[in-house]
Amino acid sequence: MENTPKKITVLGAGAWGAVLAGLLARKGHNVLAWDFIPVVVEALDKNRSHPKLPNFVLPDSVRLTSNLREAFDFGAEAVVVVVPSHGLRGLAKEWQTMEVGKLGAPWIICTKGIEEESLLPMTGVVEDVWGSGSAQRIAALSGPTFAAEVARELPTTVCVASSNPELSAYFQNLFITSAFRVYTQDDVIGVEIGAALKNVIAIAAGVCDGLQLGDNARAALITRGLAEITRLGVSMGARPETFSGLTGMGDLVLTCCGNLSRNHSFGILLSHGSTATEAQKKIGMVVEGVRTALSAYHLAKSRGVQMPIVNEIYAVLNDGKSPKDAVRNLMDRAARPERD
């Protein structure tokens, strides 16, 4: 296995971006991290810590900037993208403009979501911007991960997905450590749909737990949620077995049950009477499931896929439906075979 140090740019210095930058720097890579919010960069540079990551220390070797041109001119051999989903398209456009006439470094996208306007997953957004053939230099990283646990170097397993097997292997080698195990996968759409949609189901699981509906209800919700995610993914060309893996069932269980899950915590706040805006403020970090619920609702409608849990979360977030009414609607649906 080749372990020559690489120059790596990390785009997005939130909790997950900071942790990945630290992981790569500890492997001996030359890392520069960028964020579009100067105050975030200044605080991270000064304190070498993150307010949401107790005891995390960012290695001194990691350089920081809020200047995207500086991040590009760093001349990275790989770019790790960890920006919020709604900012990805604009970032890809800016990067493409700077790349004119130059050989671009491969991107690995660690953001989970579905773009609201185009209804594309994250790699699809970048491909849409960069054009035909760009898929060969794009990968996605996903799996059951809490940034705080990766920061503590607790055992974690993820998956790198790309249509280019050489690129998957490249990023696998780049990230893998004795505490951060990396598998490869070529079902990119399956990996990304599982990664995005589990956040919506996790909001529903939080509602379930907040209303104290019991373990039976949570288990049923996770199982039926996985069925919905699989239906949508398969309609888009994904393989069914992908949803039984790390980026499907693995990520779904973690996000629906883990105490560190922002989406689950958001659902609990909704069940206790908070509005979506109030709940997001209390969480204090991006809750990707909120945007994804809107995208998933419209994507499912456009493809004629039944997703009752997603529909109810959409109604709670956008139509003012009460969480209790949403649960009642799910339980009062007409009887049907489990496979439906």
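Predicted model: local features only at pLDDT ≥ 70, side-chain atom pairs only at ≥ 80, totals over all residues.
Lys and Arg count as positive here and Asp and Glu as negative, with His and the chain ends not counted; each charge sits at NZ of Lys, CZ of Arg, CG of Asp or CD of Glu. Numbering runs from 1 along each chain as its sequence is written, and side-chain values use heavy atoms, leaving out hydrogens and water.

**Exercise 1.** Work out how far apart the mean positions of the positive and negative charges are.

*Solution.* Start with the counts: 33 positive and 34 negative charges. Then compare their mean positions, which lie 2 Å apart.

**Exercise 2.** Check the radius of gyration against the compact globule rule.

*Solution.* Take C-alpha atoms, and apply 2.2 Å times the number of residues to the power 0.38. For 340 residues that rule gives a value near 20 Å, and the protein has 20 Å, so the two agree. As for the box, the C-alpha atoms fill roughly 60 × 40 × 35 Å along the principal axes.

**Exercise 3.** Find the largest nonpolar core and the element that gives it the largest share.

*Solution.* Join buried (under 20% relative accessible area, 1.4 Å probe, protein chains only) Ala, Val, Leu, Ile, Met, Phe, Trp, Tyr and Cys residues through side-chain atoms within 4.5 Å. The largest set has 44 residues, and Leu197, Phe266 and Val310 touch the most other members. Helix α8 (188-210) is among the contributing elements, and its 12 residues are the largest share. A second, separate core of 41 residues includes Trp16 and Leu167.

Note on methods: Buried < 20%, exposed > 50% of the residue type's maximum accessible area, 1.4 Å probe, protein only. Helix = DSSP H or I, 4+ residues; strand = E, 2+ residues; numbered from the N terminus.
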